[in-house]
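These are my notebook entries on one protein chain.

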Amino acid sequence: MADKKSILNKKSLDFLKRYLNTAAPTGYEKPGQEVWMEYLKPYVDEFITDPYGSVAGVVNPDADYKVVIEAHADEIAWYVNHITDSGLIYVQRNGGSDHQIAPSKRVHIHTRQGPVDGVFGWPAIHTRNPAKEKTPTVDSIFVDVGAEDAEEVEKMGIHVGCVVSYPDDFMILNGDKFICRAIDNRMGGFMIAEVARLIHESKKKPDFGLYIVNSVQEEVGLKGATMMANRLKPDVAIVTDVTHDTTTPMLEQKKLGTAKIGKGPVITYAPAVQNNLRTHLIETAEKKKIPFQRMVSAPATGTDTDAFAYSNGGVPSALIALALRYMHTTVEMVHRDDVENVIRLIHESVKGIKKGETFSYFY
Ligand SMILES: [Zn+2]
């Protein structure tokens, strides 16, 4: 990527840090959405919000032809599920939270008075039977908030139904690796906001409606995107989410395919991905010399792409994925170059869409 100018600047990196460091568990995305809207506001004409907290920033709200670029706003978390008499807390998943990484993590329990600190405890190595080592399960992990009993837990404002998130913050490794919890998919929201900024700064408004959509509740089954697809009734949807870098230990590339951070946006092949729209993305990447990788995600992408594709009698949809290491851990890792190239590819692909384009296979 020799002489390409960096897209990210101080202001965008400050926004990224603030956006990542704001907890937005599934069902409770409002704080993250507020940070995102504040950044996006100068670059859009208006916002559309829905009852569950999904947001679309809109350029040209009166246009008939509508193009969506989309990411999801929520992050995986836990629910307080049961408080024992001795004041320990058992949890239930809110999204695909990983039981294996929980022990020894610090947590925030979100209460009406704000976040309360806690820790996932675990029996000491000395006390375990090495012949019968147990791996953590969702039924065995528990949070300790330093309370004597259930009553004390309640006095701290904690009750069944409170959500629990990890406080791990943004950091940069070796200059160009971004690390944080919730890069899945806060980085997506960041990238589509950057596309909106670039379009605004280029002073070349599209002649169609552009909807920059940050959907809630993806981690529990693409729920927010389903609602937004029905509400907006778009003509095209380009979705971005994360996918696995499969080059780290213990992953089988034969089964999972191959993608690696730093090697470019991952263009996805799946039945929900409309072929002509995907060809448009690939031709754009080739023309603009943006590196890209290919991955298969059958039978479903498991991303909001599926929600848009199968809505409203069918909406041409495609997925530009961002390769990521250690998904659903607190140390998710992506490459800065990929972040910039996904932004470039979405931006150039949107610029290349002609108003009224149907992407039809037949005429
Ligand atoms: Zn996820």
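**Entry 1: a sheet and its helix**

I began with isoleucine 179, whose bridge partner in E17 is methionine 333. I noted that the model is predicted, that local features need pLDDT of at least 70 and side-chain atom pairs pLDDT 80 or more, while totals for chains, interfaces and linings use all residues. Residues are numbered from 1 along each chain as its sequence is written.

I then looked up strand E11 (residues 177-180), which runs antiparallel to E17 and is joined to it by four bridges. Two strands pair if DSSP finds at least two bridges between them. Strands (E, at least two residues) and helices (H or I, at least four) are DSSP runs, numbered from the N terminus.

I found an open sheet of three strands in the order E10-E11-E17, with antiparallel pairing. Strands E10 (171-173) and E17 (332-335) each have a single partner strand, so one side of each is left without a neighbour in the sheet. From one strand to the next, the twist averages 30°.

I saw that helix H9 (residues 336-351) packs on this sheet and touches E11 and E17; contact requires C-beta atoms, placed from the backbone, within 7 Å. The direction of H9 makes about 65° with that of E17 (axes are lines fitted to C-alpha atoms, for helices over the stretch in contact; angles run from 0 to 180 degrees between N-to-C directions).

**Entry 2: the domains**

I recorded domain 1 (10-75 + 181-351) and domain 2 (77-165), with bounds from an automatic or database domain assignment. Their C-alpha centres lie 32 Å apart. The contact takes 11 residues from domain 1 and 12 residues from domain 2.

Terms used:
Two residues are in contact if their C-beta atoms, placed from the backbone, lie within 7 Å.
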